[in-house]
Amino acid sequence: MLRGTLDVLILKALSWGPQHGYAITRWIRERTDAEMLIEEGALYPALYRLEAQELVESSWGTSENNRRAKFYKLTVLGRRRLRAGSDVWNRYATAVARILDAQSGPEPEKP
Amino acid sequence: MKPDDIDDELRFHVDSRVSELMAEGWSRANAVSRAEAELGDRAAVQASCQQIARAAGQAHSRRRYWIGVVQDLRYASRSLQRSASFSVATIAVLALGIGLTTAVVAALYGIIYSPLPYPDSENLHQVYAVNTAKDLHESPMSAADFYALRDRLPGEVRRIRTSADTGWRTVVGVVRDVHHGGLNTAEGPAIYIPHAQKAEAWMTWMSMAVHSPMTKAAAVRAAIASGDRNQPVSDVMTLSQLVSDALALPRLAAAVAAAVSLIALLLAAFGTGAVLSRLIAARIPEFGLRLALGANPARLAWTPVWEVVRLVGAGSLAGLLVAAGSSRLLAGLLHDVSPFDGPTYAVALAVIVMTGVAAAIGPAMRVARIAPVIALRE
């Protein structure tokens with residue numbers, strides 16, 4: 001996975017409201033139909049990094065099955081980063097897709 | 001960040017995944033190993049998270065520290081800007097008042113407490129002599145001659161002459177400096193010569209009065225008239241009168257300066273007190289808020305006192321500099337006033353301290369009496 005992809009995915013997952021780490025993993029797994037396999041362990045260092053950058057903030061709460069869980073929430077800064085990151089990723093993806101859909105290759109060099 | 005935070009978090013993650021897999025029909029053992037595999041290297045994840053949290057915590061406290069420093073600096077510069085002119089004005093006024101007062105106290109000390117600039121001036125005597133050897137009656141004998149005779153030199157200098165033309169004179173004694181021309185006039189080298197050896201067109205006689213000085217005047221006139229009936233006698237006065245006349249102008253100047261300085265000090269004290277109490281009054285809502293937020297009332301009441309002490313301290317320093325400068329000037333005007341007079345400066349410092357305390361008491365009492373609710377409503 002490209003560097004920075006996971007950050008954008010996490011920010012997107014949190015854009016509907018506070019979530020704990022496991023819910024983020026599950027959401028990404030379901031959204032991508034398990035096509036994009038992330039090593040789940042990598043999620044937590046990524047969350048901690050985002051928190052250090054003040055893009056998300058965390059607090060302990062109670063999960064849906066009544067267990068103590070740590071919830072992450074987008075900050076204003078995080079929401080702004082998500083918008084910027086989405087634009088970059090959309091342009092990137094479009095550019096890559098255009099190249100991969102191309103019908104003719106590069107012009108051969110004339111001798 | 002507690003170290004077991006990430007532990008709890010990962011355990012919650014695995015447990016959630018296990019219960020999800022078991023809901024799909026997995027056995028507990030299989031579900032646990034699957035969930036652990038999906039998570040990856042648990043210890044590495046933990047270490048990584050802890051390291052990030054630690055670095056973030058350090059960066060955070062560093063940032064907080066610097067934010068605090070910047071806030072303090074901004075507050076200091078704001079309050080300095082707000083009261084810079086006030087501080088400067090207060091210090092200047094105090095400096096002027098204190099400086100002038102010190103200088104004038106120095107001057108008054110010189111005049112009132114040492115009226116005549118001689119040691120034991122109360123025991124000053126006037127003498128005249130009768131020169132029996134030359135058969136001269138009531139010839140003048142200066143105090144110099146008297147002391148000279150009393151304290152003879154041990155003999156190194158026996159003779160003296162003022163130029164090659166004149167004959168040698170025998171030295172009978174040496175006296176300390178005598179101020180002939182005025183109390184603050186410097187005297188060059190001088191010698192006393194017996195009148196019989198060098199007569200002048202006019203002469204000043206000093207005579208010792210045994211009883212009342214002015215009844216002696218008649219006796220002096222009579223004595224002179226018996227020698228030369230046509231000899232006019234003028235300006236008969238006592239020595240203390242003479243000194244008093246010499247000091248008249250400096251004394252007047254000092255009195256005027258004293259009055260002006262006292263007014264200056266009073267203005268400085270009242271002005272500073274008034275401005276300070278205005279300043280404290282303007283900050284009463286602030287003090288009320290601080291009280292309402294739980295500030296220690298006793299310590300809060302000290303705040304204006306410390307501010308006053310700071311101002312008065314700065315003013316005193318500046319004032320002592322002014323005093324040193326101006327009493328150096330006065331030293332030229334007045335005899336026997338040294339620029340650095342210990343007791344004088346002690347008196348001036350007492351005045352400074354009392355002025356400062358008087359100026360601080362009012363504001364401090366006001367702050368001590370503030371009722372938070374009323375102060376906030378104002």
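**Figure 1. Chain B as a whole.** In chain B, 68% of the contacts between residues at least 6 apart in sequence join residues at least 24 apart. The model shown is predicted. Chain B holds 10 helices and 4 strands. Along the sequence these elements run α-α-α-β-β-α-β-β-α-α-α-α-α-α. Of the 378 residues in chain B, 28% are buried. Its accessible surface is about 24300 Å². Carbon and sulfur atoms account for 62% of that surface.

**Figure 2. The interface of chain A and chain B.** How many residues of each chain are in contact with the other? On chain A there are 23, and on chain B there are 25. Together the two chains bury about 2100 Å². Carbon and sulfur atoms make up 57% of this buried area. Three tyrosines stand out on chain A: A:Tyr22, A:Tyr44 and A:Tyr48. They supply 32% of the area that chain A buries against chain B, more than any other three residues.

**Figure 3. Polar links across the interface, and the side of chain A that touches chain B.** Between chain A and chain B there are 11 residue pairs in polar contact, with both residues at pLDDT 80 or more. Which elements of chain A give two or more residues to the side that touches chain B? They are helix H2 (21-31), helix H3 (40-52) and strand E3 (68-74). H3(A) gives the most, with 7 residues. By type, the residues on this side of chain A divide into 8 nonpolar, 6 polar and 9 charged.

Figure 4. The buried residues of H2(A) are A:Gly21, A:Tyr22, A:Ala23, A:Ile24, A:Thr25, A:Ile28 and A:Arg29. A:Tyr22 is also one of the three residues named for the interface with chain B. A:Arg29 reaches across to chain B, where its side chain meets that of B:Glu20 in a salt bridge (3.5 Å, N to O). Just after H2(A) comes A:Asp33, which takes a positive phi of about 50 degrees.

**Figure 5. A:Ser63, a loop residue.** A:Ser63 sits in the loop between strand E2 (56-62) and E3 of chain A. Is this residue buried or exposed? A:Ser63 counts as buried because its relative accessibility is 6%, below the 20% cut-off.

**Figure 6. A salt bridge between A:Lys70 and B:Glu9.** Side chains of opposite charge can pair when their charged atoms come close. Here A:Lys70 pairs with B:Glu9, and the closest N and O atoms are 4.0 Å apart. The pair crosses between chains. A:Lys70 belongs to strand E3 of chain A, and B:Glu9 to helix H1 (residues 3-23) of chain B. A:Lys70 and B:Glu9 are both buried. In total, chain A and chain B share 6 salt bridges. Over all chains, the structure holds 15.

Figure 7. B:Arg11 and B:Asp7 meet through their side chains in a salt bridge (3.3 Å, N to O). How many residues apart are B:Arg11 and B:Asp7 in helix H1 of chain B? They lie 4 residues apart, about one turn of the helix. B:Arg11 is partly exposed, with a relative accessible area of 38%. B:Asp7 also counts as partly exposed, at 25% relative accessibility.

Figure 8. The side chains of B:Arg34 and B:Glu38 form a salt bridge (3.0 Å, N to O). Both residues lie in helix H2 (residues 28-39) of chain B. Their spacing is 4 residues, about one turn of the helix. B:Arg34 counts as partly exposed at 36% relative accessibility. B:Glu38, at 16%, counts as buried.

**Figure 9. A network of salt bridges.** Which residues are linked in a network of salt bridges? From chain A come A:Arg26, A:Arg29, A:Glu40 and A:Glu64. From chain B come B:Arg17, B:Glu20, B:Arg34 and B:Glu38. Two pairs already shown belong here. One is A:Arg29 with B:Glu20, at 3.5 Å. The other is B:Arg34 with B:Glu38, at 3.0 Å.

Conventions. Residues numbered from 1 in each chain as written. Chains lettered and ligands numbered in written order. Predicted model: local features only at pLDDT ≥ 70, side-chain atom pairs only at ≥ 80, totals over all residues. Heavy atoms only, no water. Buried < 20%, exposed > 50% of the residue type's maximum accessible area, 1.4 Å probe, protein only. Contact = heavy atoms within 4.5 Å. Areas by Shrake-Rupley, 256 points an atom, 1.4 Å probe, with all protein chains shown as cover. Buried area = accessible area lost by both parts, 1.4 Å probe. Polar contact = N/O pair within 3.5 Å; in protein donor to acceptor, adjacent residues only side chain to side chain. Nonpolar A, V, L, I, M, F, W, Y, C, P; charged D, E, K, R; others polar.
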